[in-house]
Amino acid sequence: EGGSVKCWGYNWEGQLGYGDQRLRGDGGSEMGVFLPAVDLDGTALEIFGSYRRTCALLAGGALKCWGYNENGQLRQEDTAVRGDNAGQMGANLLAVSVSVATCIFPTTACGAGSFKNHTGPGECIPCGVGNFSTSGRDDCLPCSARTYSNLSGSASCLSCPEETFQDAAGSVACRACPANSLSAKGSVTISNCWCAAGFAYDSGAGTCSPCSAGTYKA
């Protein structure tokens, strides 16, 4: 509003531009008048936000970007993150050449399951196995625990099927429960596996063993 910019949500890479890595919007008294404007040392005309970086086109044609910069996405001729520490925003955040603006503010977004993490010519790149993306992203996200993706170019991850589990992110498959045990769909840890009917947990062996004579388990 009025050319000012406010950002909220994830902030691990300083993509909110507040000089820290603290999330905004996940607690009380963080939004509305409590949420300050990002210091851009100018009036914003357009905003482009992604999962890990943010760009603003300012009046007068200046373009400023902050956040993730491992591959030089901010066009500052280095790989240093901007926006996660004091003294990095405002006049200290250098503008990018205006000729780059049309690439940073694309007219056609990459489709779900792909990404493009650089400006200029180039095709959208399919996400690798164990990862996914929604449309218009500049990176891919790892599948969360309890899910997996064994295909490249995935727009979403699949829940682990019954009798399996997965406690790690970015997985291409789920781990099988121990022999003679079961689990619900989308299980996270081995503790979510339980012994099947006719078997009982043997704490000494750490396995599901057949019920002893004279006992049963439905």
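How many bridges join strand β14 to strand β15? Let's look at this predicted model and find out.

## A hairpin of two strands

Strand β14 covers residues 199-202 and strand β15 covers residues 207-210; the two run antiparallel and are joined by four bridges. Across the pair, Y201 stands opposite C208 in β15. The two strands form a hairpin with four residues between them, and G206 in the turn has a positive phi of about 70°.

## Disulfides

C208 also takes part in a disulfide, with C195 as its partner and an S to S distance of 2.1 Å. The torsion about this S-S bond is about -85°, so the disulfide is left-handed. Because C195 lies in strand β13 and C208 in strand β15, the pair ties together parts that are 13 residues apart in sequence. Both cysteines, C195 and C208, are buried.

The whole structure holds seven disulfides. Among them is the one between C110 and C124, with an S to S distance of 2.0 Å. C110 counts as buried at 7% relative accessibility, while C124 is partly exposed at 33%.

## A pocket and one of its residues

Now for the second largest pocket, which holds about 150 Å³ of space. Its lining divides into six nonpolar, four polar and one charged residue. Among the lining residues are C7, W8, Y10, Q15 and Y51.

Is Q15 buried or exposed? With a relative accessibility of 4%, under the 20% cut-off, Q15 counts as buried. Leaving aside neighbours within four places in sequence, Q15 is in contact with several residues, including Y10, Y51 and W66.

Conventions: Residues numbered from 1 in each chain as written. Predicted model: local features only at pLDDT ≥ 70, side-chain atom pairs only at ≥ 80, totals over all residues. Heavy atoms only, no water. Pairing = 2+ DSSP bridges. 1 Å grid on protein atoms, 1.4 Å probe; cavity = no way out; pocket = protein on both sides within 12 Å on 5 of 7 lines; lining within 4 Å. Points joined across faces, edges and corners; volume = space filled by probe spheres on them. Nonpolar A, V, L, I, M, F, W, Y, C, P; charged D, E, K, R; others polar. Buried < 20%, exposed > 50% of the residue type's maximum accessible area, 1.4 Å probe, protein only. Contact = heavy atoms within 4.5 Å. Disulfide = S-S within 2.5 Å.
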